[in-house]
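Please keep the structure in view while reading.

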Amino acid sequence: MNTENISFWDKYVRRLPVVRQGLFARLRLRHKFFLIFLGVIILPFSILIYYSYSSTRSTVTEQTYTALNVTLAQINTNVEKRLEYYNQLSNLLYMDAQLRNYLSTDYEQAYDYLDAFQYINRMLPSLMTLNSNLQNISIYTDNKTLYSDDQYVRHMEELPPALKRRALEAAGNTVYTHSEAYKTEDAHFTLARSLSYFSLQHPYGILTFDISDNELYSLIKMENNNKRVFIIDEQGWIISHGDRSLDSNRLFDLYPIQSQLQDKEKHFDMRINGQNRYFTYKKLSNGWSTVITVPYDELLSNTNKATKKIIWYSVLTISVAILLLYMTTKLLTKRIEVLLQQIRKVERGDFRLSVNPRGYDEVDQLSFAFHKMASTIQTLIKDVYVKEIARKESELNTLQAQINPHFLYNTLSSISSLAMKDGAMQVHRMVNFLAKYYRVSLNKGKRIIMLKQEMDLVQNYVAIQDIRFRNKLHMHYDLDEGLFQRSTIKLIVQPFIENCINHAMWDESGINIKIQLKREGPDILLRVIDDGIGMTPGQLDSALQKSEHASGYGIKNVDDRIKLTYGSEYGVSMFSRPGIGTAVTIRIPYNPG
């Protein structure tokens, strides 16, 4: 078990001074926990505080949410009523047949349109007098024969193109725009509609009402206590806001909530500039939105005051409970820590256990059982594991002893001479390569060879197989020759070359095999990479588990021999994909211990 896996509490308790154990050590473990939990009141107090805070917070929050939604609905209702009022007011001019005649008539002389101006100058000022927030009424016309007085009657080119386009597209319905800055003295929003009562395709003018921002401000200024209320357009520009000291003219510059304002109405929470805020909004019929936002600190201010009193009253009792818990836990955990230390010794392979159980409770019984189990494991290791390793090494030595190197070399030399005499040069070459292969692989029974010898063994084996497969093996070597004098156990690369040849080749074009030798930190990496048929995850797992192989050295055998020689952190890893190929990585130490 690594020290990183030990909890902070374990580390802390382990440093405590030794406490002598008396009668308390003879009690059963459940009695000890009973005494501890009897004295500990942290949990009940914590539950009480949490419940009080949660219930108060929930109640206050729900009430606040309800109040905010009621406020939002009331503001929207009031705004809709005011917009509808001005819409009805514009209907008086929209359906005025006399006004249509005056605006549609072509005038030949200046005095011909005096009646039109008398009518307009009598009607429009009277409407503005009856509505104090109506800053201006203008009628824009394409009739060039009608004089423009730059107040009530204007020519169409004086109307902003964007507003003109929107009004014409609305075909008699009202559209709205607003001034760029809502904080200026003449801040207003504009109602516009095309005068097309009798012919939607051929409007005879465009009517605009400039309505003071006070019309909207008066509806929201009283609702700005402990919260912010905004009326914004579709792009987030502020039309009206209860706090005139606000610097920004665009809501999304203050609060990045553009993506949340997609529905007709919604409420959500968001953390902005380190502060949690609650938002609720609802769209108006003309596309504008009313947005209300409140900081959570203000939402829960009353809740926090109430819970502070409960917390302070609980501090003294909780402090006593913590002290009691500390003392009792120290008594309980000391022996468990000693047992844990013994377990870690066994984990490291050290079975020399120094502490014997002396009590009668569950911890002592557990310690006794562990000592017994450790003794059994040690016996099993000696009787089974060590004997099995000795048996395998004996079998390997016996196998090597059965082969007389001198007899084998002399026989191969004779075969080579006969082949050369008869002109069988391929046989001559194959026998030579085979002799070199066995000279390295047998190595007088030694397990450890140089990496250069391992590479020579691989190249001799490949040369033999290349004669057999008629140039279907395309070998590529990327070898760091500076590592040739480092040592390794023999026959760790050749089994994987054999695997490539026997199992990975899948067509007449042959197979590409790349062998890499390089250093990586304190380790040496040997890689065998092929572009053969590849393996499925199931086949790969099966190959890693099998210990037998046609050549006598399976993948698992190679991995086991490396781990047995150098340690569990070394060995073989494989990656393979069907149709792509297989990559084998063999990791051994640069400086074997």
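Across which strands does helix H6 lie? In this predicted model, helix H6, formed by residues 161–170, lies across S3, S4 and S5, and its direction runs at about 165° to S3.

## The five-strand sheet

The strands in question belong to an open sheet of 5 strands, in which the order is S2-S1-S5-S4-S3 and the pairing is mixed. Strand S2 (153–155) and strand S3 (175–178) stand at the edges, and because each has a single partner strand, one side of each is left without a neighbour in the sheet. From one strand to the next, the twist averages 25°.

Within this sheet, strand S4 (residues 188–194) pairs with strand S5 (residues 206–212) through 7 bridges in the antiparallel sense, and serine 194 is found opposite isoleucine 206 in S5. Helix H5, which covers residues 114–130, also packs on the sheet, where it touches strand S1 (134–141) and S2; the direction of H5 makes about 150° with that of S1.

Another pairing involves strand S6 (residues 228–232) and strand S7 (residues 238–241), which run antiparallel and are joined by 3 bridges. In this pair, isoleucine 232 stands opposite isoleucine 238 in S7.

The two strands S6 and S7 form a hairpin, with 5 residues between them, and the turn contains glycine 236, whose phi is positive at about 90°.

Technical notes. Residues numbered from 1 in each chain as written. Predicted model: local features only at pLDDT ≥ 70, side-chain atom pairs only at ≥ 80, totals over all residues. Heavy atoms only, no water. Pairing = 2+ DSSP bridges. Helix = DSSP H or I, 4+ residues; strand = E, 2+ residues; numbered from the N terminus. Axes fitted to C-alpha atoms, helices over the stretch in contact; angles between N-to-C directions. Contact = heavy atoms within 4.5 Å.
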